[in-house]
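Colleague: Hi! Could you walk me through this model? I'd like to start with the inside and then hop around a bit.

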Amino acid sequence: MADENTLGRDIHIKELSKQLTGLKGALSLGNLGEYYTKDELKYRVPRDQWEDNWAILKLTRALSCNHLPYKPLDITYVLTPEISRELHVCDQNLSKVFSQGSKSLESATEYIIEALSDEAIASSKLEGAVTTELAAKNMLRKNIPPKNKDEQMIVNNHLAMQFIRGKTDDMLTPEFIREVQGIVTKDTLKDETQSGVFRSTNDVSVIDKMTGKVIHYPPNAEEIEPMIAALCDFVNHDRHYPNDGDSFVHPIIVGIALHFLIGYIHPFYDGNGRTARTLFYWYVLSRKYEVFAYIPISKIIQQAPAKYRDAYLATEEDDLDLTYFILYNIRCIRKAREALISHLKRESSRKSNAEKAISVLPDVSRRQAAVLTYMIEYKTEEFGIKEIADRFSVTYQTARTDLMHLADSKYLSVKKKGRAFLYSVRPEWLQKID
């Protein structure tokens, strides 16, 4: 009898194994190339097999998933080949990006400044700020005071991005999270007392802007502090226990989980999305992933915000399987990185022509040539001394000396507006190199 039971069990296991193999093959899941939601699966299998196939697919994921060490919630994720490949590219950091873009790190500062502006603008637009990118960039570049709430949101986000770059050695604390939210919401809330403090009531929900329907009810207010405390413990774990290999989670995964959990917990009355995205940047930069200083991910998210929402919902609706949100984010990271590479190549080609012309100019230093090249990029604009000093990370006096020299050499025009001197590229000289 024992032998018959054993034989029957072996046959059953073999049959189950065949079914799993067959399902994985049919859905191209042998390499987990696609990570379908239940609704997406509906259109890829016979209707009468949908529920059974979903149950088996959930089983295969359960057998291969990792559990996020965040105690308040049972969050899982699967390291698909696509995710693993992108993590590997992120681990290569800047060397690969700049080699592909044919750009050295010597002139990378201007790209950090540009990326900070792009991220601040796109993150604000995701939350409803209305302005043109050109006007917003001009405001940030020239330090023009914001004229309305939308512009204030952009300035706030820009200040927050600058703020977190100086905090990469800090631990994550509830106070730090509140401080970031206070920066991104300053002078933009109906009730300014809600800036920099966790919410104390439960009259908050996430509403789909397109349909007006509630898509997420966050945890009750009394749960916020313990959930945030646990989030800080999770994020700080690698610094408290740097040699704890058993609890290792890849830093990019931790950053994405931090982003998700701020949105899920929704600890503030407003500014949760902007705070979540800013804290993601803080975390990955704090773990020495410098490439993220150059890639404005919100600019990619802004191109299709519904997919951003859907990734959140897919994770929440599928038993907190974070894989959907991870996949969405790593695809945004990849697109942002590829956009940077394309940008660097275009800029390298475009600037090469101007640099060739500028390189033969007499008595123009390398730094002055860089200033002139930059001003050619914005040839219709006027530049103050402080703007050039900030842009090229030099002192006010150095910038003043460079601009005066370029004006004396007849490459720039100068005029006085109030007490300020404004410089622009001389049109007659531009004609010579266009």
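Modeller: Happy to. Buried here means under 20% relative accessible area, exposed means over 50%, and partly exposed is in between (1.4 Å probe, protein chains only). The model is predicted, so local features need pLDDT of at least 70 and side-chain atom pairs count only at pLDDT 80 or more, while totals for chains, interfaces and linings use all residues. Residues are numbered from 1 along each chain as its sequence is written, and side-chain values use heavy atoms, leaving out hydrogens and water.

Colleague: Good. So H259, buried or exposed?

Modeller: H259 counts as buried because its relative accessibility is 3%. It sits in helix α11, where helices (H or I, at least four residues) and strands (E, at least two) are DSSP runs numbered from the N terminus.

Colleague: And what does H259 touch?

Modeller: Taking contact as heavy atoms within 4.5 Å, and not counting residues up to four places away in sequence, H259 touches A276, R277, F280, Y308, Y312, F325 and N329.

Colleague: What does the side chain of H216 reach?

Modeller: The backbone oxygen of Y264, at 2.8 Å.

Colleague: Zooming out, how much of the chain is buried?

Modeller: 49% of the 434 residues count as buried. The chain has 19 helices and seven strands. Of its contacts between residues at least 6 apart in sequence, 66% join residues at least 24 apart.

Colleague: Now the packing. How many residues has the largest nonpolar core?

Modeller: It has 84, and Y70 and F292 have the most contacts inside it. By nonpolar core I mean a set of buried Ala, Val, Leu, Ile, Met, Phe, Trp, Tyr and Cys residues joined through side-chain atoms within 4.5 Å.

Colleague: Which residues is F292 in contact with?

Modeller: Leaving aside neighbours within four places in sequence, F292 is in contact with C90, I252, F280, Y281, V284, L285, I297 and I333.

Colleague: What volume has the largest cavity?

Modeller: About 60 Å³, where a volume is the space filled by probe spheres set on grid points joined across faces, edges and corners. On a 1 Å grid over the protein atoms alone, a cavity is a set of points where a 1.4 Å probe fits but cannot get out; a pocket is an open set with protein on both sides within 12 Å along at least five of seven lines, and lining residues have an atom within 4 Å of a point. The whole structure has three cavities of 30 Å³ or more.

Colleague: Which element gives the largest share of the lining of the largest cavity?

Modeller: α6, with three residues. The lining divides into 10 nonpolar, no polar and two charged residues; Ala, Val, Leu, Ile, Met, Phe, Trp, Tyr, Cys and Pro count as nonpolar, Asp, Glu, Lys and Arg as charged, and the others, Gly among them, as polar.

Colleague: And how much space lies in the largest pocket?

Modeller: About 1100 Å³. The largest pocket is lined by 37 residues, with L126, E127, V206, I207 and K209 nearest its centre. α14 gives the largest share of that lining, seven residues. By type, the lining has 16 nonpolar, 11 polar and 10 charged residues.

Note on methods
A polar contact is a pair of N or O atoms within 3.5 Å; within protein, one must be able to donate a hydrogen and the other to accept it, and residues adjacent in sequence count only if both atoms are side-chain atoms.
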